[in-house]
Amino acid sequence: MRILITGNMGYVGPVAAAHLRERYPDAELVGFDSGFFSDCLTGPPPETVLDRQVFGDVRDLPADLFADFDAVIHLAAISNDPMGSRFEIVTDEINFRATLALAEAASRAGVRNFVFASSCSVYGAADGMARRETDRVEPLTAYGRSKIAVEQRITNRDPGGMTVTHLRFATACGMAPRLRLDLVLNDFVAGALASRRITVLSDGTPWRPLIDVRDMARAIEWAVIRSPENGGRLVTINVGHDAHNFRVKELAEAVAAAIPETEVEINMQAPPDKRSYRVDFSLFRQLAPEFVPQVTLAESIAGLREGLTERGFADAEFRNSQHIRLKALEAHIAADRLTPDLRWRIPFH
């Protein structure tokens with residue numbers, strides 16, 4: 001089996017690659033990445049599990065990139081709301097237009113399985129019942145809009161013989177080789193360790209479903225091997241666990257309980273955060289019972305605490321560090337390594 005992973009040098013990619021290597025030791029794993037976050041490491045470079053690393057921009061796909069691959073895992077994206085707001089045009093170019101071109105190229109090349117990393121953020125503002133895949137979506141950000149736009153366009157096109165899986169992931173969390181601290185649970189653990197203080201920037205009431213990055217990797221495996229008999233030629237599916245829908249303040253309290261002497265500061269004067277949604281994950285449980293998330297909230301917190309403690313983490317200003325993806329991009333631009341539209345001034349290799 002030959003598998004291409006785009007965006008493999010981000011947060012999820014290294015964990016997914018390591019998982020696939022363990023599960024399929026004879027598989028050929030190839031990464032394709034721009035290298036924006038190559039130096040955002042919390043350990044040794046993880047690309048050693050790959051057979052080959054290719055550097056490039058998904059806006060400029062090599063003509064022969066998909067030749068002879070059985071599966072493509074498409075993770076490459078401008079990957080959160082702050083970056084989407086700061087780079088809205090680029091988000092459209094990369095997350096939407098380049099993704100459509102990539103899916104079409106994969107189909108033409110005879111790729112068997114195409115895995116698209118979508119997001120539960122497409123639900124946006126969703127009061128009331130937990131949202132199912134067939135419910136109305138209301139994305140509130142450029143990031144969320146780009147994800148649903150891809151889903152809709154691919155759904156309305158003929159994928160040929162390709163089996164397509166849109167994985168609407170819950171909010172990611174957990175320790176990883178290229179850790180992000182701009183994710184809600186990761187932010188809370190970092191704050192607790194660095195200053196014994198968790199600062200909740202909202203009133204704490206919004207809902208967030210969570211999924212550990214290790215469980216994301218397992219879901220990706222399912223999509224890589226999924227046959228069209230299991231759900232259909234194209235499936236859009238929420239990926240997470242029903243028990244892992246939390247209010248933000250519950251996450252803060254769980255971290256404070258796990259890290260002694262931590263205070264929780266909630267900004268009760270903050271304007272309401274409209275990004276609030278609970279999600280129904282019953283379809284994933286039905287189609288992929290062996291891949292249902294296993295990592296608990298307590299285990300995710302423990303993994304982050306242990307991983308950061310082992311590395312001597314004590315940066316009270318971590319929200320200005322390279323572990324915040326927007327800050328990493330802005331540092332590249334300030335150093336004149338990247339143009340404002342996120343292209344390397346000198347080819348990255």
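Reader: What is the strand order of the open sheet of 7 strands, and what pairing does it have?

Author: The order is β3-β2-β1-β4-β5-β7-β11, and the pairing is parallel; strands are DSSP runs (E, at least two residues; helices are H or I, at least four), numbered from the N terminus, and two strands pair if DSSP finds at least two bridges between them. This is a predicted model, in which local features need pLDDT of at least 70 and side-chain atom pairs count only at pLDDT 80 or more, while totals for chains, interfaces and linings use all residues. Residues are numbered from 1 along each chain as its sequence is written, and side-chain values use heavy atoms, with hydrogens and water left out.

Reader: Why do β3 and β11 stand at the edges?

Author: Both β3 (52-55) and β11 (234-239) have a single partner strand, so one side of each lacks a neighbour in the sheet.

Reader: What makes β7 and β11 a pair?

Author: Strand β7 (residues 163-169) is joined to β11 by 6 bridges, which meets the requirement of at least two, and the two strands run parallel.

Reader: Why is α5 called oblique to α9?

Author: The axes of α5 (residues 184-195) and α9 (residues 297-310) come within 10 Å and cross at roughly 50 degrees, where axes are lines fitted to C-alpha atoms, for helices over the stretch in contact, and angles run from 0 to 180 degrees between N-to-C directions. Angles under 35 degrees count as roughly parallel, over 145 as roughly antiparallel, 65 to 115 as roughly perpendicular and the rest as oblique, and therefore α5 is oblique to α9.
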